[in-house]
Each structure stands twice: as structure tokens, then as C-alpha cells.
Amino acid sequence: MQREGSLYTVIFTTVLCGICSILVASAAVGLKERQQINQILDRQHKILLVSGLVSPSEKLSREGIQSKFKENIETRLVNFDTGDYATEISPDSFDPKRALKDPNLSKKAPPNSAGLMDMPKYGLVYMVKRQGQIDEVILPIQGRGLWSMLYGYLALDKDLNTVRGIIFYEHGETPGLGGEIENPKWCQLWVGRKAYDSAGEVKLSVIKGQAGSPDSDPHHVDGLSGATMTSRGVTNLVQFWLSDSGYGKYIKNKKQQGSL
């Protein structure tokens, strides 16, 4: 076969593309488990950060993250319909994203402003232990921003009302605008705010402009400059997961019981 001919070029290109495809596919399959492990570690690290157990400047090894998480975090699973802890499924094996693809583990989301069409029937809850006592609860939150789904964690004090922190670990918002939901300075503005008013209604929200201090303006957080839609999305998703459609029933049950 002549190497200068078009047939040779087509055959050579096809074979080369086939070999490259096999190599890429093999690499993807081979690295999948490692990628999943890294995702778990990253989320564990974000949970430790939002809980205050780890500072942003503290460098932890893989083993350090796993050890601190195991020592200080207890993972439970909540049934959203009842607000009680679920015992029929292990929280260690539950993946909210995979649950959305399983009709036995998911359901249609009620009408909402958070951009959620479906939702899991169960939700993970991370109990933070200090000196052997649970003094904080971390709730996974998600909802639509301007360009993407936002995924994060909201930390509440043991009173299940006072915000201890918020952090986002995955989104596709515009850097410098909506992407500022990752900014530690903005996240710090949430600390000390109140999720509910005296009547138990969800009031926590991001407003346009500047909010007052947590003491004088407990339910509001500063808006993100130039990112009105992302700010609104954060409000919508936080209020959804704090409502009875999300973790609201669980929070009410625990307040009535007087303990976590």
C-alpha cells in the first residue's frame, strides 16, 4: 500500500484513533476507583472545614482526613417523609446522587424554587462530636444557581437553629461573581445567623446588599455583588432543605425530643 495515498491515511488515522480510544477508556476505568476515593476524601475534608474541626490553613494528609473524620463525625440517615432516622439502609453505603437513579430510593420533589425535579427519599446527616458530645449537625444542601447545580453543606448548632457554617464543594458558577460562594470571607458571614424565626418558619436568606450583624439582623446574609441569580439560588436551596420537604421534619422531631 502506498503511504502517500488517501486510503493509507484513512486506515492509519482510524487505527490510531482506535488505539487512543482504547488507552483513554482503559485509563478512565483504571482510575475510576481512585477518583471516587478522592471525591469522598474531598467531601470529608469539606465537612471537617464547615464544622470548624479543621482550619482552612491546616494541611492534612489522606490518612489525617480519614482519621479525624472517623473520630469526630457520626453519619446518620434520615427519612424525609417521617423525619426519623432510617435503619433499613446503612448511611455508609448511601449515595444521594445514585439514589436519584433508583425509583425505590427517590421520589418527585414537591413544587420548589430550588430547581429540584427529583430528590432522594433519604438524607445524610453528619453529627459532629466534641469531647464525646454531639454539639453540631451538618446537612447536605443542593439546588440550582444561575448556571449550575450547587452542592454544599450547612452546619447548625445543637439548638438546630444557629448557623455554625456553610461551604460549597461543587458548582459551575462564574468565577469572581457567583463563584464567590466559595469565598471563605462570604461563608463566614453566615456564622451566628438563625435559620428559623420564633414561630419555626424558615427565614434564613441572602439579601441584595449588605445585611446587619447576626445580633441585629439574624436571618439575613450579604448578597454576592453582581451575582443576584446565584444569591437567589442559594436562598432557595437553603430554604428548601430547611423546610418540611427536606430536613424540616427531622429538625422539629429533634427539637421536641430535646436531644440529637
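Tutor: Start with helix α2, residues 62-72, in this predicted model. Its buried residues are I65, F69 and N72. Looking down the axis of α2, these residues fall within an arc of 90°, so they line one face of the helix. The face turned away from that buried side carries E63, K70 and E71, which are exposed.

Now the chain as a whole. It has six helices and nine strands. Of its 260 residues, 40% are buried. Take the contacts between residues at least 6 apart in sequence: 54% of them join residues at least 24 apart.

Next, the nonpolar interior. In soluble globular proteins, nonpolar side chains tend to be buried together. Here the largest nonpolar core holds 41 residues. The members that touch the most others are F168, W186, W190, V234, V238, L242 and I251. Strands β4, β5, β6 and β7 each supply at least two residues of this core, and so do helices α4, α5 and α6. Helix α5 gives the most, with six residues. Look at V238 in detail. Leaving out residues up to four places away in sequence, V238 touches I141, L154, I166, W190 and L204. Apart from this core lies another, of 22 residues; L41, L53, Y126 and A155 are among them.

Stay with helix α5, residues 228-242, and find T230 there. Its relative accessibility is 2%, so T230 counts as buried. Beyond residues up to four places away in sequence, T230 touches L146, E173, G178, I181 and L224.

Helix α6 comes next. Its buried residues are G248, Y250, I251, N253 and K254. They pack against strands β1, β4, β5 and β6, and against helix α5. After α6 comes G258, which has a positive phi, near 80°.

Now the open space. Rolling a probe the size of a water molecule over the atoms shows where empty space is left. The largest pocket has a volume of about 1,000 Å³. It is lined by 34 residues, and R43, F94, D95, P96 and L124 are the closest to its centre. Helix α1 (6-51) and helix α3 (96-99) each supply at least two residues of the lining. So do strands β1 (73-79), β4 (122-130), β5 (133-144), β6 (149-157) and β7 (163-170). Helix α1 gives the most to this lining, with six residues. By class, the lining has 19 nonpolar, eight polar and seven charged residues.

The second largest pocket holds about 450 Å³ of space. Its lining has 19 residues, and L49, P56, I166, I167 and P184 lie nearest its centre. Helix α1, strand β7 and helix α4 (184-188) each supply at least two of the lining residues. By class, there are eleven nonpolar, five polar and three charged residues. Note I166 again: it lies among the residues nearest the centre of this pocket, and it is one of the residues that V238 touches.

Notes. Residues numbered from 1 in each chain as written. Predicted model: local features only at pLDDT ≥ 70, side-chain atom pairs only at ≥ 80, totals over all residues. Heavy atoms only, no water. Helix = DSSP H or I, 4+ residues; strand = E, 2+ residues; numbered from the N terminus. Buried < 20%, exposed > 50% of the residue type's maximum accessible area, 1.4 Å probe, protein only. Contact = heavy atoms within 4.5 Å. Arc of directions from axis to C-beta. 1 Å grid on protein atoms, 1.4 Å probe; cavity = no way out; pocket = protein on both sides within 12 Å on 5 of 7 lines; lining within 4 Å. Points joined across faces, edges and corners; volume = space filled by probe spheres on them. Nonpolar A, V, L, I, M, F, W, Y, C, P; charged D, E, K, R; others polar. Core = buried A, V, L, I, M, F, W, Y, C linked by side-chain atoms within 4.5 Å.
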